[in-house]
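The stops below go from the whole chain down to single side chains.

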Amino acid sequence: MLEVAMPEAAAAPALPIGASGRNSVGWPGMLCLIATESSLFAYLLFSYYYMALQHGPEWLPERHPSIALAGPNTLVLLASSAAVWWGEAGIKHARRGQHLIGLGAGIALGVTFLVVQGFEWKAKPFRLDTSSYGSLFFTVTGFHMAHVLVGVLVLATVFLWSVLGYFSPRHHARMTIASIYWHFVDVVWLFVFSTFYLSPWVLA
């Protein structure tokens with residue numbers, strides 16, 4: 001039987017990794033997650049203000065809470081958000097160095113926030129079981145710290161994928177979704193900081 005030689009098929013181009021823009025299914029999932037977590041924080045902070053209005057200034061263990069650690073730590077977290085945003089802009093404009101530096105700085109600043117928050121916990125004159133205020137303080141700030149830790153792990157995963165070259169100016173949805181979660185964590189901290197560190201100055 002005569003065999004007919006077939007021309008070799010041209011090598012197919014590699015498929016892109018991940019969807020482009022908001023076509024990724026991760027978008028609605030992240031938006032639902034943020035809506036759920038926002039509700040949980042809203043309920044917790046509502047509990048604080050309810051208790052504060054019911055019991056008055058005597059309920060506060062610290063009439064004028066020190067912001068010696070929490071104030072600079074707030075700036076650290078805001079700087080991390082700016083770094084992640086800058087890093088995201090880098091991948092959108094094909095600036096790989098900017099992307100990796102911004103993302104790495106965001107991770108480092110996030111870890112710094114967690115360490116400083118640990119010292120802040122240790123410096124408090126009350127504990128989780130001291131009073132309802134103590135329970136709320138450590139529950140809310142601990143819940144937020146857990147979210148920061150998850151955010152750091154997510155950013156670290158995205159950083160690894162970036163090193164491996166998974167993203168491009170067109171396909172970077174996972175990076176954008178991760179950055180949105182990080183910005184959400186930072187915004188929540190502004191409400192937590194205002195509640196536990198600034199509102200007592202008004203209530204007192």
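Buried means under 20% relative accessible area, exposed over 50%, and partly exposed in between, using a 1.4 Å probe and protein chains only. This is a predicted model, in which local features need pLDDT of at least 70 and side-chain atom pairs count only at pLDDT 80 or more, while totals for chains, interfaces and linings use all residues. Residues are numbered from 1 along each chain as its sequence is written, and side-chain values use heavy atoms, with hydrogens and water left out.

**Whole chain.** Colour by secondary structure: the protein has five helices and zero strands, in the order α-α-α-α-α from the N terminus. Helices (H or I, at least four residues) and strands (E, at least two) are DSSP runs, numbered from the N terminus. Of the 204 residues, 41% count as buried.

**A94.** Select the loop between α2 (70-92) and α3 (96-123), where A94 is placed. Is A94 buried or exposed? With 59% relative accessibility, A94 is exposed. Its phi is near 60 degrees, a positive value in a residue other than glycine. Most residues other than glycine have a negative phi.

**α4 and α5.** Next select residues 132-163 (helix α4) and 173-203 (helix α5), which pack at an angle of about 160 degrees with their axes 10 Å apart. Since angles over 145 degrees count as roughly antiparallel, α4 is roughly antiparallel to α5. Axes are lines fitted to C-alpha atoms, for helices over the stretch in contact, and angles run from 0 to 180 degrees between N-to-C directions. The contact of α4 with α5 has 22 nonpolar, four polar and one charged residues; nonpolar covers Ala, Val, Leu, Ile, Met, Phe, Trp, Tyr, Cys and Pro, charged covers Asp, Glu, Lys and Arg, and polar covers the others, Gly among them.

**V187.** Within α5, pick V187, which is partly exposed at a relative accessible area of 43%.

**R174 and W161.** Show both side chains. The charged end of R174 sits over the ring of W161, 5.2 Å from the ring centre; the criterion is NZ of Lys or CZ of Arg within 6 Å of the ring centre and within 35 degrees of the ring normal.

**F137 and F138.** What relative accessibility does F137 have? F137 is buried at 1%, and F138 is buried at 12%.

Technical notes:
Angles under 35 degrees count as roughly parallel, over 145 as roughly antiparallel, 65 to 115 as roughly perpendicular and the rest as oblique.
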